[in-house]
Amino acid sequence: MTSFDTTFTGPGTDIPDLDWPNLAFGYLQTDYNIRHTWRDGRWSEGKLTSEPTIPLHISSTCLHYGQECFEGLKAYQTASGDVVLFRVDENASRLRYSCRKILMPEIPEEMFIESVMQVVDANRRFVPPYGTGASLYIRPLVIGSGPILGVRPSEEYTFLVFVTPVGPYFKTGFKPLDFIVEEDIDRAAPLGVGDAKVGGNYAASLRAGVPAKKKGYADVIYLDAREKKYIDESGPANFFAITKEGQYITPDSPSILLSITNKSLITLAGEKGLNPQRRRVAIDEIVDFTEAGCCGTAAVITPIGSITWKDKKIVYAKDGKPGPHCTELYNALTAIQVGDAADPHGWVRTIPG
Ligand SMILES: Cc1ncc(COP(=O)(O)O)c(C=O)c1O
(Lines give C-alpha, C1' and ligand atoms only; values in the text may rest on other atoms or scores of the structure.)
Protein backbone atom coordinates (compact mmCIF):
# COMPACT_ATOMS: atom_id res chain seq x y z
CA MET A 1 0.00 0.00 0.00
CA THR A 2 1.10 3.52 -0.68
CA SER A 3 1.39 5.70 2.37
CA PHE A 4 -0.78 8.56 1.09
CA ASP A 5 -3.93 6.50 0.91
CA THR A 6 -5.85 6.95 4.11
CA THR A 7 -9.20 5.40 3.26
CA PHE A 8 -8.08 1.93 2.36
CA THR A 9 -9.26 -0.84 4.60
CA GLY A 10 -7.97 -3.79 2.62
CA PRO A 11 -9.50 -7.10 1.80
CA GLY A 12 -10.48 -8.94 4.94
CA THR A 13 -10.68 -5.84 7.11
CA ASP A 14 -13.76 -3.89 8.17
CA ILE A 15 -15.50 -1.77 5.57
CA PRO A 16 -15.19 1.95 6.30
CA ASP A 17 -18.19 3.49 8.01
CA LEU A 18 -19.96 4.74 4.91
CA ASP A 19 -23.02 6.98 5.00
CA TRP A 20 -24.59 5.28 1.96
CA PRO A 21 -27.51 7.68 1.34
CA ASN A 22 -25.19 10.68 1.44
CA LEU A 23 -22.24 9.45 -0.58
CA ALA A 24 -20.60 12.02 -2.81
CA PHE A 25 -19.54 11.32 -6.38
CA GLY A 26 -15.93 10.82 -5.38
CA TYR A 27 -13.19 8.25 -5.20
CA LEU A 28 -13.14 5.85 -2.27
CA GLN A 29 -10.65 3.06 -2.10
CA THR A 30 -12.15 -0.42 -2.46
CA ASP A 31 -10.64 -3.88 -2.18
CA TYR A 32 -9.57 -4.71 -5.72
CA ASN A 33 -9.03 -3.43 -9.23
CA ILE A 34 -8.18 -5.57 -12.25
CA ARG A 35 -5.48 -5.07 -14.88
CA HIS A 36 -4.57 -6.48 -18.28
CA THR A 37 -1.53 -5.64 -20.40
CA TRP A 38 -1.29 -5.56 -24.18
CA ARG A 39 2.09 -6.75 -25.41
CA ASP A 40 3.17 -8.43 -28.64
CA GLY A 41 -0.29 -8.12 -30.11
CA ARG A 42 -2.36 -9.72 -27.37
CA TRP A 43 -4.07 -8.97 -24.08
CA SER A 44 -2.89 -10.76 -20.95
CA GLU A 45 -5.23 -12.44 -18.48
CA GLY A 46 -6.73 -10.06 -15.91
CA LYS A 47 -4.94 -9.74 -12.60
CA LEU A 48 -6.72 -8.56 -9.45
CA THR A 49 -4.71 -6.26 -7.21
CA SER A 50 -5.36 -4.04 -4.20
CA GLU A 51 -2.76 -1.49 -5.25
CA PRO A 52 -4.38 1.84 -6.23
CA THR A 53 -1.39 3.18 -8.17
CA ILE A 54 0.19 2.10 -11.45
CA PRO A 55 3.85 1.98 -12.36
CA LEU A 56 4.08 4.02 -15.55
CA HIS A 57 6.97 4.76 -17.86
CA ILE A 58 7.71 8.48 -17.96
CA SER A 59 7.48 8.41 -21.75
CA SER A 60 4.09 6.64 -21.95
CA THR A 61 1.86 7.90 -24.75
CA CYS A 62 -1.07 8.42 -22.34
CA LEU A 63 0.95 11.02 -20.46
CA HIS A 64 2.21 12.99 -23.42
CA TYR A 65 -0.21 12.53 -26.26
CA GLY A 66 -3.42 11.69 -24.47
CA GLN A 67 -3.66 8.13 -25.78
CA GLU A 68 -6.31 7.26 -23.22
CA CYS A 69 -9.99 6.42 -23.15
CA PHE A 70 -12.40 5.21 -20.51
CA GLU A 71 -15.94 4.16 -19.66
CA GLY A 72 -18.36 4.70 -16.81
CA LEU A 73 -21.16 2.37 -15.73
CA LYS A 74 -22.80 1.31 -12.51
CA ALA A 75 -23.66 -1.79 -10.49
CA TYR A 76 -26.77 -1.72 -8.33
CA GLN A 77 -28.11 -3.89 -5.55
CA THR A 78 -31.67 -5.08 -6.10
CA ALA A 79 -34.33 -5.59 -3.41
CA SER A 80 -33.55 -9.30 -3.36
CA GLY A 81 -29.84 -8.63 -2.78
CA ASP A 82 -28.62 -9.42 -6.31
CA VAL A 83 -25.96 -7.21 -7.85
CA VAL A 84 -26.80 -6.13 -11.38
CA LEU A 85 -25.19 -4.20 -14.24
CA PHE A 86 -27.03 -1.91 -16.64
CA ARG A 87 -26.31 -2.31 -20.37
CA VAL A 88 -22.70 -3.39 -19.90
CA ASP A 89 -22.54 -4.57 -23.52
CA GLU A 90 -23.17 -0.98 -24.66
CA ASN A 91 -20.22 0.26 -22.62
CA ALA A 92 -18.08 -2.51 -24.10
CA SER A 93 -19.07 -1.41 -27.57
CA ARG A 94 -18.44 2.30 -26.93
CA LEU A 95 -15.02 1.56 -25.45
CA ARG A 96 -14.10 -0.33 -28.60
CA TYR A 97 -15.21 2.68 -30.61
CA SER A 98 -13.11 5.04 -28.48
CA CYS A 99 -10.08 2.73 -28.79
CA ARG A 100 -10.42 2.67 -32.57
CA LYS A 101 -10.61 6.45 -32.72
CA ILE A 102 -7.23 6.92 -31.07
CA LEU A 103 -5.55 3.84 -32.54
CA MET A 104 -5.48 1.66 -29.47
CA PRO A 105 -6.15 -2.09 -29.48
CA GLU A 106 -9.80 -2.88 -28.79
CA ILE A 107 -10.95 -4.65 -25.67
CA PRO A 108 -12.96 -7.69 -26.82
CA GLU A 109 -16.53 -7.60 -25.49
CA GLU A 110 -16.18 -10.84 -23.58
CA MET A 111 -12.99 -9.71 -21.85
CA PHE A 112 -14.57 -6.35 -20.97
CA ILE A 113 -17.68 -7.90 -19.45
CA GLU A 114 -15.76 -10.60 -17.64
CA SER A 115 -13.34 -8.10 -16.08
CA VAL A 116 -16.16 -5.81 -15.01
CA MET A 117 -18.03 -8.72 -13.44
CA GLN A 118 -14.93 -10.04 -11.73
CA VAL A 119 -13.98 -6.71 -10.18
CA VAL A 120 -17.53 -5.98 -9.02
CA ASP A 121 -17.79 -9.45 -7.52
CA ALA A 122 -14.45 -8.96 -5.73
CA ASN A 123 -15.76 -5.68 -4.26
CA ARG A 124 -19.28 -6.89 -3.51
CA ARG A 125 -19.23 -5.48 0.01
CA PHE A 126 -18.83 -1.98 -1.47
CA VAL A 127 -22.03 -2.20 -3.54
CA PRO A 128 -24.35 0.28 -1.80
CA PRO A 129 -27.45 -1.31 -0.26
CA TYR A 130 -30.74 -1.30 -2.16
CA GLY A 131 -32.83 1.78 -1.47
CA THR A 132 -29.98 4.12 -0.56
CA GLY A 133 -29.90 5.77 -3.99
CA ALA A 134 -26.18 5.06 -4.18
CA SER A 135 -24.45 2.65 -6.55
CA LEU A 136 -21.07 1.16 -7.36
CA TYR A 137 -19.46 3.25 -10.10
CA ILE A 138 -17.29 1.22 -12.46
CA ARG A 139 -14.45 2.89 -14.31
CA PRO A 140 -12.78 0.91 -17.10
CA LEU A 141 -9.69 2.65 -18.50
CA VAL A 142 -7.34 1.99 -21.42
CA ILE A 143 -3.99 3.79 -21.60
CA GLY A 144 -1.00 3.75 -23.86
CA SER A 145 1.61 2.64 -21.37
CA GLY A 146 4.62 2.02 -23.59
CA PRO A 147 7.53 4.44 -24.01
CA ILE A 148 7.40 6.36 -27.27
CA LEU A 149 8.74 9.83 -27.95
CA GLY A 150 7.48 10.69 -31.42
CA VAL A 151 3.77 11.21 -32.00
CA ARG A 152 2.64 7.67 -32.84
CA PRO A 153 0.67 4.93 -31.13
CA SER A 154 2.16 3.04 -28.22
CA GLU A 155 3.22 -0.56 -28.61
CA GLU A 156 2.08 -1.44 -25.09
CA TYR A 157 -1.26 -0.76 -23.38
CA THR A 158 -2.89 -1.23 -20.01
CA PHE A 159 -6.59 -1.94 -19.52
CA LEU A 160 -7.79 -1.63 -15.97
CA VAL A 161 -11.12 -1.51 -14.18
CA PHE A 162 -11.65 -0.01 -10.76
CA VAL A 163 -14.83 0.60 -8.78
CA THR A 164 -15.93 3.04 -6.12
CA PRO A 165 -19.26 3.56 -4.34
CA VAL A 166 -20.92 6.83 -5.31
CA GLY A 167 -23.92 9.04 -4.79
CA PRO A 168 -25.36 11.31 -7.50
CA TYR A 169 -22.96 13.29 -9.73
CA PHE A 170 -24.81 16.52 -8.98
CA LYS A 171 -25.05 16.30 -5.24
CA THR A 172 -28.62 17.56 -5.01
CA GLY A 173 -29.77 14.38 -6.81
CA PHE A 174 -33.07 14.53 -8.67
CA LYS A 175 -33.58 18.30 -8.34
CA PRO A 176 -33.63 20.96 -11.04
CA LEU A 177 -30.32 22.78 -11.48
CA ASP A 178 -29.25 25.90 -13.33
CA PHE A 179 -27.11 25.66 -16.47
CA ILE A 180 -25.45 28.30 -18.64
CA VAL A 181 -24.83 28.22 -22.39
CA GLU A 182 -21.13 28.40 -23.25
CA GLU A 183 -20.51 30.32 -26.45
CA ASP A 184 -16.82 31.14 -26.27
CA ILE A 185 -15.29 27.75 -25.54
CA ASP A 186 -15.69 24.51 -27.47
CA ARG A 187 -15.44 21.10 -25.88
CA ALA A 188 -14.93 19.22 -29.15
CA ALA A 189 -14.86 19.71 -32.92
CA PRO A 190 -17.26 18.04 -35.38
CA LEU A 191 -14.59 15.94 -37.06
CA GLY A 192 -12.57 15.39 -33.88
CA VAL A 193 -13.03 12.98 -31.00
CA GLY A 194 -16.02 14.48 -29.17
CA ASP A 195 -17.97 11.28 -29.78
CA ALA A 196 -15.30 9.16 -28.09
CA LYS A 197 -14.81 8.96 -24.35
CA VAL A 198 -11.25 10.23 -24.33
CA GLY A 199 -9.70 12.19 -21.49
CA GLY A 200 -8.72 15.16 -23.66
CA ASN A 201 -12.38 16.12 -24.11
CA TYR A 202 -12.73 16.46 -20.37
CA ALA A 203 -9.49 18.43 -20.00
CA ALA A 204 -10.82 20.76 -22.71
CA SER A 205 -14.06 21.23 -20.80
CA LEU A 206 -12.46 22.36 -17.54
CA ARG A 207 -11.87 25.97 -18.52
CA ALA A 208 -15.59 26.33 -19.27
CA GLY A 209 -16.96 24.22 -16.41
CA VAL A 210 -14.89 25.58 -13.55
CA PRO A 211 -15.81 29.28 -13.99
CA ALA A 212 -19.48 28.35 -14.55
CA LYS A 213 -19.55 26.43 -11.27
CA LYS A 214 -17.90 29.35 -9.50
CA LYS A 215 -20.80 31.49 -10.71
CA GLY A 216 -23.27 29.02 -9.18
CA TYR A 217 -24.26 27.02 -12.27
CA ALA A 218 -24.29 23.24 -12.18
CA ASP A 219 -22.42 23.10 -15.50
CA VAL A 220 -22.38 24.50 -19.01
CA ILE A 221 -24.26 23.58 -22.18
CA TYR A 222 -21.98 23.55 -25.23
CA LEU A 223 -23.01 24.68 -28.69
CA ASP A 224 -21.87 23.07 -31.92
CA ALA A 225 -18.39 24.31 -32.72
CA ARG A 226 -19.04 24.97 -36.42
CA GLU A 227 -22.07 27.23 -36.43
CA LYS A 228 -22.69 28.02 -32.76
CA LYS A 229 -26.38 27.56 -33.49
CA TYR A 230 -27.20 24.12 -32.15
CA ILE A 231 -27.04 22.51 -28.73
CA ASP A 232 -24.36 19.84 -28.35
CA GLU A 233 -24.38 18.55 -24.79
CA SER A 234 -23.40 19.39 -21.24
CA GLY A 235 -19.97 18.76 -19.70
CA PRO A 236 -20.67 15.32 -18.25
CA ALA A 237 -24.03 14.42 -19.81
CA ASN A 238 -26.29 14.56 -22.87
CA PHE A 239 -29.06 17.11 -23.25
CA PHE A 240 -32.75 16.47 -23.88
CA ALA A 241 -35.89 18.54 -23.80
CA ILE A 242 -39.64 18.18 -23.97
CA THR A 243 -41.30 20.38 -26.56
CA LYS A 244 -44.65 22.14 -26.23
CA GLU A 245 -46.10 19.30 -28.29
CA GLY A 246 -44.91 16.82 -25.67
CA GLN A 247 -42.07 15.40 -27.77
CA TYR A 248 -38.76 14.13 -26.36
CA ILE A 249 -35.98 15.66 -28.44
CA THR A 250 -32.22 15.31 -28.09
CA PRO A 251 -29.36 16.70 -30.18
CA ASP A 252 -28.02 14.84 -33.16
CA SER A 253 -24.40 15.98 -33.41
CA PRO A 254 -21.10 14.42 -34.50
CA SER A 255 -19.26 15.92 -31.54
CA ILE A 256 -21.23 14.53 -28.59
CA LEU A 257 -20.83 11.29 -26.71
CA LEU A 258 -23.54 8.77 -27.59
CA SER A 259 -25.00 8.39 -24.12
CA ILE A 260 -26.28 4.97 -23.13
CA THR A 261 -28.66 6.61 -20.68
CA ASN A 262 -30.05 8.80 -23.45
CA LYS A 263 -30.41 5.81 -25.76
CA SER A 264 -32.40 4.08 -23.00
CA LEU A 265 -34.53 7.18 -22.38
CA ILE A 266 -35.33 7.37 -26.08
CA THR A 267 -36.70 3.82 -25.87
CA LEU A 268 -38.67 4.61 -22.70
CA ALA A 269 -39.92 7.92 -24.12
CA GLY A 270 -41.21 6.01 -27.16
CA GLU A 271 -43.08 3.63 -24.89
CA LYS A 272 -44.62 6.58 -23.08
CA GLY A 273 -45.89 8.24 -26.25
CA LEU A 274 -43.32 11.06 -26.27
CA ASN A 275 -42.46 10.45 -29.92
CA PRO A 276 -38.68 10.74 -29.30
CA GLN A 277 -36.50 12.29 -31.96
CA ARG A 278 -32.78 12.84 -32.38
CA ARG A 279 -32.31 15.96 -34.43
CA ARG A 280 -30.38 19.17 -34.48
CA VAL A 281 -31.72 21.31 -31.64
CA ALA A 282 -31.30 25.02 -32.28
CA ILE A 283 -30.30 27.02 -29.23
CA ASP A 284 -33.07 29.54 -29.84
CA GLU A 285 -35.64 26.75 -29.36
CA ILE A 286 -34.95 26.75 -25.63
CA VAL A 287 -37.56 29.42 -25.05
CA ASP A 288 -40.25 26.99 -26.21
CA PHE A 289 -39.41 23.88 -24.20
CA THR A 290 -41.63 22.85 -21.33
CA GLU A 291 -38.90 20.75 -19.66
CA ALA A 292 -35.21 20.09 -20.17
CA GLY A 293 -32.71 17.76 -18.62
CA CYS A 294 -29.24 16.29 -18.65
CA CYS A 295 -28.76 12.55 -18.70
CA GLY A 296 -25.90 10.16 -18.15
CA THR A 297 -24.71 7.27 -16.02
CA ALA A 298 -23.39 9.63 -13.36
CA ALA A 299 -26.02 12.37 -13.74
CA VAL A 300 -28.90 9.84 -14.22
CA ILE A 301 -31.54 12.44 -15.14
CA THR A 302 -30.73 15.86 -13.79
CA PRO A 303 -33.65 18.14 -14.55
CA ILE A 304 -32.63 21.55 -15.86
CA GLY A 305 -34.24 24.25 -13.73
CA SER A 306 -33.07 27.09 -15.94
CA ILE A 307 -30.81 27.87 -18.87
CA THR A 308 -28.98 31.17 -19.00
CA TRP A 309 -28.19 32.20 -22.57
CA LYS A 310 -26.76 35.60 -23.44
CA ASP A 311 -28.70 37.95 -21.16
CA LYS A 312 -31.78 35.73 -20.88
CA LYS A 313 -32.66 33.19 -18.23
CA ILE A 314 -35.23 30.65 -19.35
CA VAL A 315 -36.81 29.02 -16.34
CA TYR A 316 -38.37 25.55 -16.61
CA ALA A 317 -38.82 24.58 -12.98
CA LYS A 318 -40.76 27.58 -11.75
CA ASP A 319 -41.75 25.84 -8.51
CA GLY A 320 -38.29 24.28 -8.06
CA LYS A 321 -39.66 20.81 -8.83
CA PRO A 322 -38.78 18.45 -11.71
CA GLY A 323 -41.36 18.44 -14.51
CA PRO A 324 -43.78 15.54 -15.02
CA HIS A 325 -42.00 14.00 -18.02
CA CYS A 326 -38.56 14.17 -16.39
CA THR A 327 -40.06 12.54 -13.31
CA GLU A 328 -41.84 9.82 -15.26
CA LEU A 329 -38.69 8.97 -17.24
CA TYR A 330 -36.48 9.08 -14.15
CA ASN A 331 -38.79 6.71 -12.29
CA ALA A 332 -39.04 4.33 -15.24
CA LEU A 333 -35.28 4.23 -15.83
CA THR A 334 -34.19 3.85 -12.22
CA ALA A 335 -36.84 1.18 -11.54
CA ILE A 336 -35.35 -0.98 -14.31
CA GLN A 337 -31.79 -0.29 -13.17
CA VAL A 338 -32.40 -1.53 -9.62
CA GLY A 339 -34.62 -4.41 -10.65
CA ASP A 340 -37.90 -2.94 -9.35
CA ALA A 341 -39.51 -3.01 -12.79
CA ALA A 342 -39.61 -5.63 -15.51
CA ASP A 343 -36.73 -5.53 -17.97
CA PRO A 344 -38.37 -6.21 -21.34
CA HIS A 345 -35.31 -5.08 -23.33
CA GLY A 346 -32.79 -7.28 -21.51
CA TRP A 347 -30.75 -4.31 -20.24
CA VAL A 348 -29.93 -5.75 -16.83
CA ARG A 349 -27.41 -8.51 -16.17
CA THR A 350 -27.00 -10.19 -12.79
CA ILE A 351 -23.51 -10.86 -11.49
CA PRO A 352 -23.51 -14.45 -10.25
CA GLY A 353 -23.01 -14.47 -6.46
C1 LIG B 1 -19.54 14.07 -22.16
C2 LIG B 1 -20.53 13.04 -21.75
N3 LIG B 1 -21.71 13.02 -22.38
C4 LIG B 1 -22.65 12.12 -22.05
C5 LIG B 1 -22.43 11.19 -21.05
C6 LIG B 1 -23.50 10.21 -20.72
O7 LIG B 1 -23.21 8.95 -21.25
P8 LIG B 1 -23.78 7.64 -20.55
O9 LIG B 1 -25.24 7.79 -20.46
O10 LIG B 1 -23.40 6.54 -21.46
O11 LIG B 1 -23.14 7.56 -19.23
C12 LIG B 1 -21.22 11.17 -20.39
C13 LIG B 1 -20.87 10.20 -19.35
O14 LIG B 1 -21.51 9.73 -18.55
C15 LIG B 1 -20.26 12.13 -20.73
O16 LIG B 1 -19.09 12.16 -20.09
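The shell around the ligand comprises six nonpolar, six polar and four charged residues; Ala, Val, Leu, Ile, Met, Phe, Trp, Tyr, Cys and Pro count as nonpolar, Asp, Glu, Lys and Arg as charged, and the others, Gly among them, as polar. The model is predicted: local features need pLDDT of at least 70, side-chain atom pairs count only at pLDDT 80 or more, and totals for chains, interfaces and linings use all residues. Residues are numbered from 1 along each chain as its sequence is written, and side-chain values use heavy atoms, with hydrogens and water left out.

**Ligand surroundings**

- There are 16 residues around the ligand, each with a heavy atom within 4 Å of it.
- Tyr202, Glu233, Ser259, Thr261 and Thr297 come nearest.
- Helix H5 (260-271) and strand E15 (291-296) each supply at least two residues of this shell; helices (H or I, at least four residues) and strands (E, at least two) are DSSP runs, numbered from the N terminus.

**Atoms facing the ligand**

- Oxygen atoms of the ligand lie 2.7 Å from a polar side-chain atom of Arg94 and 3.1 Å from one of Lys197.
- For Ile260, a backbone N or O atom lies 2.8 Å from a ligand oxygen atom.
- The protein buries 96% of the 380 Å² that the ligand exposes when taken alone (Shrake-Rupley method, 1.4 Å probe).

**Domains**

- The domain assignment, which is automatic or from a database, gives domain 1 (20-166) and domain 2 (177-337).
- Their C-alpha centres lie 26 Å apart.
- In domain 1, 20 residues are in contact with 20 residues of domain 2 (heavy atoms within 4.5 Å).

Conventions:
A polar contact is a pair of N or O atoms within 3.5 Å; within protein, one must be able to donate a hydrogen and the other to accept it, and residues adjacent in sequence count only if both atoms are side-chain atoms.
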